[in-house]
Amino acid sequence: MAKKPYTARTNIAGAHQQGVHVKPGARLTSGRSWFSYKRLYVAAALPLLLSDYIPDSSSLGDLKKSLVQSWTALAYMPTGFQLVALGSLLIMVYMLSTVGKPYWQFAWNCFIKPFLVSKPAGVDSEEHQKRLEMFYEGQAEVYDVTRRRLLRGRSTMLKLCAAQLRQYYPCHFANDFRVGKSGESVNDPASLPSPPLSPSFLAGENKRFAWIDVGGGTGENIERMNQYFPISNFDKVYLVDITPSLCEIARKRFKALGWNNVTVLCLDAAKFEIPKEDGDDLDIALITMSYSLTMIETFYPLIDRLTQVLSPSGIFGVSDFYVSSKRSSDPTRQLPWFTRWFWAIWFDQDNVYLTPGRREYLEHKFKTVKTLSARNNMLPFVHIPYYIWIGAQKESTVRMPDFSLDAAPQDDAVSVTSENEFEQPPKEAPAVPKSVADSLLVSADHVHGQGLRWRQPFDVKLLDRFSTYIYAFAWEDPRVDLEFLDLKKEDHMFVISSGGCNVLEYAAKVGPERIHSVDLNPCQNHMLELKLAGLSSMSYEDFWKLFGDGYINDFSALLDTHLSPHLSPYAYHFWKQNAGFKNLFKTGCSGLAIRVFQFVIRVRGLRPVVERMCSASTIEEQVKIWNNELRPHFLSKWLIRILNNDRFLWGALGVPPAQMQMLLQEGSAQEYMINTLDPVIQSTLLRDDNYFYYMPLMLKYNPNASGNPAYLTEEGFNILRNEPERLDAIKIHTDYINNVLDREVLDGELTKVILMDHLDWFSPEDARAEIEKVHKKMAKGGMVFWRSAGKHPWYNEIFEDVGFSIKPLQIREGKTLYIDRVNMYASNWCGTKL
């Protein structure tokens, strides 16, 4: 049977083509001018004109006397006051009858009318429709304008959906501008914060796909979506809503916009089926529910139905109110008892059900791609909880288009590698016959699994233990590491994440086969994820703005449109909640230390001096400025006293008391600072070769410096962008080191291990347990490296006892007071497995 013809996407008329300009939420009818309300003005003035003809002896006359007496004080006021009072009264009347009219209509229909009329009590579809129509029929015309501040998160949800859709489905803008993983503006693509990239797994230009907006109401969401994923790209868009009055507004909206690919269906969403005349080859690429899930009486059948409708490569987006359960397994959504009770009872009056089970059932039936729990602070002391959730099919496959599959599907669970993988050389992959290649399948993990490209599953209870990261940047010199590491492409590394800079340095300079990056603090790994997402989705210019200058305009929107497909759900949640920073380097615990030094610079008027030192062209000039103008301030007694404070050391510099004791065993705090800073100033030029001190002083990296981190240079950026296997080698683990070694690393797998300085923090028992575990997982001849605040750390003996041959690489003593560009550690050691 021949398929029925359909309208090609390129022939669909959009608002930009018809010259129609309708702002999201605006009324479709033309607005009235102030002169249009002349009848109201006459009605207001008529009682004043007729009052002179009221007999004094009548009841109306008595009322007139009492009113006149109440206004006697006004009569004795100056004329100016009388005019102001009368003008204020007229303005109030005007505001209530024009701008304020939607809001008192909203208040009447939401807070008063429901208590004055009897509502249908049934739960079937027909009774539910009657109940909703009674609620909305009196406010359908003003629905959009009165919900803009109340229903937060809708635009964010649409941006996230659009960003995920562009991972697979082709997207064109008004001037035929091709958009892959980026884009916001329909009419001016040149204003995009980064140029677009090609989708990871493009569906093909001839793929027909559709969007279902469940409970779409007046159609404002569809109009908003046109900014992020133009509606002309969809072959069909279905707005499904059970309320006739809202559907009528939607029909008027789309008729005015000229969008003939949008169909409004007034029916129960659980009964939705693709109309036969639209063909049976439509991919349902997108389903959205914006503040509608909580209004559906029986939601289980609906969600079950949507699992059958959504394409294997499709996306499901939800934004809605919520309350958490009493003991939520996810700390990011946990609410106090009063908030849970109050909002559940409040919304229940309007048949809005904020039960936790709705959100939990979504997550049970679909795979979570992104999630955000937030508060709508629409009024002082009024913080309504809402969430945004983006999901995809859990277990599904779809026939893959004509492109080669270069990566195996990821799974939500931790993958287990065969023990023989590291004992036998890899076999050459056999050629795939064409008949087999044609039948290859691609899963939703290929399309929407980028968010878990690097991040491994972890215990969400850790989120409660850490509210932020310590380091926004790594504080160990990777140049020295690479000098001693003898790193090769076949190496398997095990490193501590820290700020993520050194992980990317090893990837950019060499690109080892595997890098296990570990940190117990989830927020530290969020920082590494952000840098990896930026490398995967931003232009070099914008990447530099964020990570070189420390600030990019509208970072929150950039998270949604560019970075979100490459971030894990918790990383996205963290950065969305902390997107308001003005300088990335002043965030986290290390940001506190930077702010202290910036305070000293500002209070003592040292900014011009700091800038001169950081722009000095020779070391001699730099040393002169340091000794004569800055050193007395930075090495003052009161600043040294701050550095002697255990709380400041741990909270701002990540130095625990145990490590501080090791420092003090080598000398006083003042001696330590002198032996750290003086050799750095005397040995490296800050402007060109030492970003470790240039950046905290100038709050940015120097774009012209030759010694910047490799991933921040254009050459390193392009290497990581053009050779994705270097980034694919990174696995981010959030757990204790011993647990990661037990679960994720095979015996004898590791060839290079960098433990930084964290063994300084340990007790002898804990240090021995970790060193023994490292020894078990390392290949014979593999090397482990560690730095220490002590010249001869006490745990060196444990390395020797366990089976390592150790040697010092650097010790800060005698004439060798400068050992690297950071110079904060007393020694650097290496152990080789015997």
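This is a predicted model: local features need pLDDT of at least 70, side-chain atom pairs count only at pLDDT 80 or more; totals for chains, interfaces and linings use all residues.
Q: Which helix is Phe111 in?
A: Phe111 sits in helix α6.

Q: What does Phe111 form on the surface along with Trp108 and Ile112?
A: A nonpolar patch. Other members include Leu116, Val117, Trp337 and Phe338. Together the patch residues have about 1,200 Å² of accessible area.

Q: Which elements give two or more residues to that patch?
A: Those are α6 (101-112) and α13 (337-348).

Q: And where does the largest share come from?
A: From α13, which supplies six residues.

Q: New topic: the sheet. What's the strand order?
A: The order is β5-β4-β3-β6-β7-β9-β8. That makes seven strands in an open sheet, with mixed pairing.

Q: Which strands stand at the edges?
A: β5 (262-266) and β8 do. Each has a single partner strand, so one side of each is left without a neighbour in the sheet.

Q: How much are neighbouring strands turned against each other?
A: By 15° on average, with direction ignored.

Q: How do β7 and β9 run, and how many bridges join them?
A: They run antiparallel, and six bridges join them.

Q: What holds paired strands together in general?
A: Strands of a sheet pair through backbone hydrogen bonds.

Q: Which strands does helix α9 lie across?
A: Helix α9 (residues 154-165) lies across β3 (209-214), β6 (283-290), β7, β8 and β9. It runs at about 165° to β6.

Q: What about α11?
A: Helix α11 (residues 244-257) lies across β4 (236-241) and β5. Its angle to β5 is about 165°.

Q: Which residues of α14 are buried?
A: In α14 (residues 356-365), the buried ones are Arg358, Arg359, Tyr361, Leu362 and Glu363.

Q: What covers them?
A: The cover includes α12 (299-309), β7 (315-321), β8 (366-379) and β9 (382-393).

Q: Switching to His573: buried or exposed, and why?
A: His573 is buried, because its relative accessibility is 8% and the buried class is under 20%. His573 belongs to helix α22 (residues 569-577).

Q: What is His573 in contact with, leaving aside neighbours within four places in sequence?
A: Thr332, Thr371, Leu372 and Ser373.

Q: Last one: where is Asp554?
A: Asp554 lies in the loop between α20 (540-547) and α21 (555-563). It is partly exposed, at 45% relative accessibility. The C-alpha atoms of Asp554 and Gly580 are 8.8 Å apart, although the two residues are 26 residues apart along the chain.

Terms used
Residues are numbered from 1 along each chain as its sequence is written. Side-chain values use heavy atoms; hydrogens and water are left out. Helices (H or I, at least four residues) and strands (E, at least two) are DSSP runs, numbered from the N terminus. Buried means under 20% relative accessible area, exposed over 50%, partly exposed in between (1.4 Å probe, protein chains only). Contact means heavy atoms within 4.5 Å. Two strands pair if DSSP finds at least two bridges between them. Axes are lines fitted to C-alpha atoms, for helices over the stretch in contact, and angles run from 0 to 180 degrees between N-to-C directions. Patches are made of residues with over 30% relative accessible area and no salt bridge: like charges are joined within 9 Å, nonpolar side chains (Val, Leu, Ile, Met, Phe, Trp, Tyr) within 5 Å. Accessible areas come from the Shrake-Rupley method with a 1.4 Å probe; for residues, only the protein chains shown count as cover. A salt bridge is a side-chain nitrogen of Lys or Arg within 4 Å of a carboxyl oxygen of Asp or Glu.
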